[in-house]
There are 2 protein chains.
Amino acid sequence: VPKVVDHGQRRGEMVAALWRVAAYEGLEAVSLSRVADEAGVSKGRVQHYFGTRDALLDYTAGYLTDRVTARIKPRLAAAPDARAAVRGALLEVLPLTEDSIVDTRVGIAFLIRALGDDALRDRYSARNAQFLELLTYYLAVARDEGAFDAERDPGALAVELFALVNGLKEPLLLGDLTPADATAIVDEALARLAA
Amino acid sequence: VPKVVDHGQRRGEMVAALWRVAAYEGLEAVSLSRVADEAGVSKGRVQHYFGTRDALLDYTAGYLTDRVTARIKPRLAAAPDARAAVRGALLEVLPLTEDSIVDTRVGIAFLIRALGDDALRDRYSARNAQFLELLTYYLAVARDEGAFDAERDPGALAVELFALVNGLKEPLLLGDLTPADATAIVDEALARLAA
C-alpha cells in the first residue's frame, strides 16, 4: 500500500521548528533553509509548504494570533464571573508559562517587522483591537456586577490595563520580575479598581 | 596641508547610518556592508571603526542607553518639583518625538537579541534597574512633598508605572494611540496617585 502522507502533521512539525528558531534566534534567523534544518527536512519541502521566506513570516504572524486566542478562550469560558474573566485575559498576555514565553518572544520579534510592513501592522493592530474589545466587554460587565468602580470608563481602563500587562512582558522575559511578582502587580491593579 | 580627518565626526556619521538601518529595517538588516552603503563609505571603513558585526551591535546597545540618558537628564534638571520629574521621566520613555520613536524601535529590535545573549541581557536589566532607581527616588520625594498617597510603596509604584509606559510603546508605534492619548493616560495614572 502506498504510504499515507499526513500533510497536516508535516506542516505542524515545520511550524514547531519555525517557532523555535523565531523565539530563540530571532526573525533574522528565520529562513527556509534554517527551518528545514531545524525540522530535519529538506529546504525544498519547506518551500513547498510555505513558498517564500516572506510567506513563512506572514504565516508565523497569523499562527501567533491563533495560539494566543486558543489559550484565552477556555480561560474566559471557565471564569466564574466577569472580574475573573478580566484577570484571566490579562494574565494570558503575560509570558508566565513555557508556551506563552515562546509566543511573547515571537511577538516581540515581529513587532519591529510589522512597523515596516503595512499589512502586518494592520494585522497587529486588529489583533490588539480585538483583545481590547474583549477586555472592555468584561470590564463593563464586571462594573455592572459591582466588582469595579462605576466611575471608570471600561474602554479607557482596558487600554490602560492592556498597556500595563504589555509592559510587564520585558521584565518577565529578562528575569527582572518573577511570575509571582507580575501576577501580584496585576492583582493589585485590579484590587484598586474595586468599587 | 594634509587633510585633517575628524574621526569623531566620521564615526558619528556611521552611527547615524546604523541607527536608520536598525530602526527602519530591523537588526536583521544591520551588517557592516549595509551600514557602509547607508553611510556612503566603504565596508572596510566601517570594519575599521567597529570591527565585527557583533561589535557593531554591542556598540548600538550602549549608544541607545546614552541617547536616552542624555534626554532624561535635562528634563529632570528642569523639573520644578519631584512630581514633575516623575512625569518627565515617564514621558521620556514614550516614543513621542522623532528621536524617541527611532530609539524605541531600536530598543525593541534589541530586546529579542538580548534574550539570547547574557552580556546584552545584563546590560538591558542594568539600564532598566537604573531607571527604576531614579523613578523610585523621585516618587519617594514627591510622596514626602505630599504630591502622592503616602500608603503606596515608591519602589512598587515605580515598577508599575514603568510597565505602564513600556506597554504604551507598542500602540504608539503602531499608531493605535496618539501622543496626546498616551500622555493623558500617564497624567490620569499620576492624578489617581494624588494623596
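Tyr138(B) lies in helix 7 of chain B, helices here being DSSP runs of H or I with at least four residues, and strands runs of E with at least two, numbered from the N terminus. The model is a predicted one, in which local features need pLDDT of at least 70 and side-chain atom pairs count only at pLDDT 80 or more, whereas totals for chains, interfaces and linings use all residues; side-chain values use heavy atoms, with hydrogens and water left out. Residues are numbered from 1 along each chain as its sequence is written, and chains are lettered from A and ligands numbered from 1 in the order in which they are written.

Leaving aside residues up to four places away in sequence, Tyr138(B) touches Leu76(B), Ala82(B), Ala85(B) and Val86(B), where contact means heavy atoms within 4.5 Å. The C-alpha atoms of Tyr138(B) and Arg83(B) are 7.1 Å apart in space, although 55 residues separate the two in sequence. A further position in chain B, Thr60(B), is placed in helix 4 (residues 53–78) and counts as buried at 0% relative accessibility, given that buried means under 20% relative accessible area, exposed over 50% and partly exposed in between (1.4 Å probe, protein chains only). With residues up to four places away in sequence again not counted, Thr60(B) touches Leu18(B), Trp19(B), Val106(B) and Phe110(B).

In chain A the secondary structure comes to nine helices and zero strands, and the pattern read along the sequence is α-α-α-α-α-α-α-α-α. The C-alpha trace of chain A spans about 65 × 40 × 35 Å along its principal axes. Of the 195 residues of chain A, 48% count as buried, and the accessible surface of the chain comes to about 9,000 Å², with 52% belonging to carbon and sulfur atoms; these areas come from the Shrake-Rupley method with a 1.4 Å probe, and for residues only the protein chains shown count as cover. Among the contacts in chain A with a separation of 6 or more, 65% are accounted for by residues 24 or more positions apart. Ala78(A), found in helix 4 (residues 53–78) of chain A, counts as exposed at 62% relative accessibility, and its C-alpha atom is separated by 19 Å from that of Leu190(A), 112 residues apart along the chain.

Attention then turned to charged pairs. A search of the whole structure finds 22 salt bridges over all chains, a salt bridge being a side-chain nitrogen of Lys or Arg within 4 Å of a carboxyl oxygen of Asp or Glu. Glu38(A) forms one such bridge with Arg20(A), with the closest N and O atoms 2.7 Å apart. Because Glu38(A) lies in helix 2 (residues 32–39) and Arg20(A) in helix 1 (residues 7–25) of chain A, this pair ties together parts that are 18 residues apart in sequence. Glu38(A) also forms a salt bridge with Arg34(A), the closest N and O atoms being 3.2 Å apart; both residues lie in helix 2 of chain A, four residues apart, about one turn of the helix. Glu38(A) is partly exposed, with a relative accessible area of 27%, as are Arg20(A) at 40% and Arg34(A) at 24%.

At the interface, 33 residues of chain B are in contact with 33 residues of chain A. The area buried between the chains is about 3,100 Å², of which carbon and sulfur atoms give 60%; buried area is the accessible area (1.4 Å probe) that two parts lose on being put together, summed over both. In chain B, Glu28(B), Ile112(B) and Leu174(B) lose the most area to chain A, together 20% of what that side buries.

Across this interface the rule finds two salt bridges. One of them joins Arg192(B) and Glu160(A), with the closest N and O atoms 2.6 Å apart, and crosses from the segment after helix 9 of chain B to helix 8 (residues 154–174) of chain A. Arg192(B) is partly exposed, with a relative accessible area of 39%, whereas Glu160(A) counts as buried at 15% relative accessibility. Within chain A, salt bridges that share partners join Arg67(A), Arg71(A), Arg75(A), Glu92(A), Asp99(A) and Asp103(A) into one network.
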